[in-house]
Amino acid sequence: MPIGYGDILHARRRIAATVRVTPMEPSPSLSARLGVPVHLKLEHRQATGSFKLRGATNAVLSLSPAERGRGVVGVSTGNHGRGLAQAAAANGVPVTVAMSRLVPENKVAAIRDLGATVIIAGESQDEAQEEVDRLVAQDGLTMIPPFDHPAIVAGQGTLGVEAMEQVPDAATVLVPVSGGGLAAGVALAVKTANPRARIVGLTMENGAAMHASLAAGAPVQVPEVASLADSLGGGIGLDNAHTFAMVRDLVDEIVLLSEAEIAEGIRHAYWQEGEVIEGGGAVGLAAVLAGKVAADGPTVILLTGRNIDPRLHFAVLSGYEPTSP
Ligand SMILES: *Cc1c(COP(=O)(O)O)cnc(C)c1O
């Protein structure tokens, strides 16, 4: 494995000045439901509203002065773009973000407000990626991918180090999975701290590329579909170099959630925990509420993001029941 625990510790020192240590809070209601202590890692309170700032900051700070001068570019369903924009702006690096038309408008606006140049390109992440490839070839920008990159995985892994310091006896850690950068880094950090800890990956039933790829034994493409968990959409890359193998080797189980279950997770976050959590960040809550997670001991749920369109959030709280396509 080319990414080691030492890389995560190095990332932690590198990003410490600009990335927050986020709180860990007990959840009395979920602890009662599961019969074991349940703790919530409030990573949606990270600057930019998601953990993506960790990996992006580590990646930007890994560049040479010449690379920083030419600037960085990323393709993103929103939160990576936001994290990358903030990480680059904080370090005086010019940044361009390309995204597909499926990305909600509130996420697009937030990235523009952080000072990034935004390019809307294509119907899918893959088509937006083609535009990024052009900018890399033409202008010498450095492409910072959302997950399949050693500096990104190491940066996201800092969340796992923090979680294990806050709950050293964690037996199970629930991690949302899309491209697998978060799950790969967190699993490496958690299993280094406690090799017997169980990592449960969570994703939606529809359009879950990592799950389909694990089932196929190699990266495969799946059609991109709209989901409440929009930040978990997109492929893992047919030429995936790091996260597929790491998730395959380190994540013990993947749990799939329906749209209705994800809606329940968003509602629980707000009414019971007092937190605004986007669909992709609420899948851990959803899995516990749906009875899809075994109670093995102290359980940590990563709440990974808060960037939900306020109108969609209000609709879900008001009882809107999404149907799975
Ligand atoms: C990106 C993201 C994830 C998934 O992270 P990957 O590294 O792509 O697996 C989970 N939750 C939120 C809120 C995200 O933005």
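Analyst: This is a predicted model.

User: Which residues line the second largest cavity?

Analyst: The lining consists of Val-177, Ser-178, Thr-203, Gly-207, Ala-208, Ala-209, Met-210, His-211, Leu-232, Gly-234, Ile-236 and Ile-254.

User: Which helix gives the most to that lining?

Analyst: Helix α10, residues 209–216, gives the most, with 3 residues.

User: And how does the lining of the second largest cavity divide by class?

Analyst: There are 7 nonpolar and 5 polar residues, and no charged ones.

User: How many cavities of 30 Å³ or more are there?

Analyst: The count comes to 2. The largest cavity holds about 280 Å³ of space. Its lining has 27 residues, and the closest to the centre are Phe-51, Lys-52, Ser-178, Gly-179 and Ser-231.

User: Which elements give two or more residues to the lining of the largest cavity?

Analyst: Those are α5 (79–90) and α9 (181–193). With 3 residues, α9 gives the most.

User: What about the classes in the lining of the largest cavity?

Analyst: It divides into 17 polar, 8 nonpolar and 2 charged residues.

User: Where does the ligand sit, then?

Analyst: The space taken by the ligand is the largest cavity.

User: Which residues come nearest to the ligand?

Analyst: There are 16 residues around the ligand, and those that come nearest are Lys-52, Ser-178, Gly-180, Leu-182 and Thr-304. Lys-52 and Ser-178 are also among the residues closest to the centre of the largest cavity.

User: How much of the ligand does the protein bury?

Analyst: The protein buries 97% of the 380 Å² that the ligand exposes when taken alone.

User: And the shell around the ligand, by class?

Analyst: That shell has 9 polar, 5 nonpolar and 2 charged residues.

User: Moving on to pockets. What volume does the largest pocket have?

Analyst: The volume of the largest pocket is about 440 Å³.

User: Which residues lie nearest the centre of the largest pocket?

Analyst: Of the 17 residues that line the pocket, Asp-126, Gln-129, Ile-236, Gly-237 and Asp-239 lie nearest its centre. Ile-236 also lines the second largest cavity.

User: Which helix provides the largest share of the pocket lining?

Analyst: Helix α7, residues 125–139, provides the largest share, 3 residues.

User: Last one: how does the lining of the largest pocket divide by class?

Analyst: By class, the pocket lining has 9 nonpolar, 5 polar and 3 charged residues.

Technical notes. Residues numbered from 1 in each chain as written. Predicted model: local features only at pLDDT ≥ 70, side-chain atom pairs only at ≥ 80, totals over all residues. Heavy atoms only, no water. Near = heavy atom within 4 Å. Areas by Shrake-Rupley, 256 points an atom, 1.4 Å probe, with all protein chains shown as cover. 1 Å grid on protein atoms, 1.4 Å probe; cavity = no way out; pocket = protein on both sides within 12 Å on 5 of 7 lines; lining within 4 Å. Sits in = over half its atoms within 2 Å of the grid points. Nonpolar A, V, L, I, M, F, W, Y, C, P; charged D, E, K, R; others polar. Points joined across faces, edges and corners; volume = space filled by probe spheres on them. Helix = DSSP H or I, 4+ residues; strand = E, 2+ residues; numbered from the N terminus.
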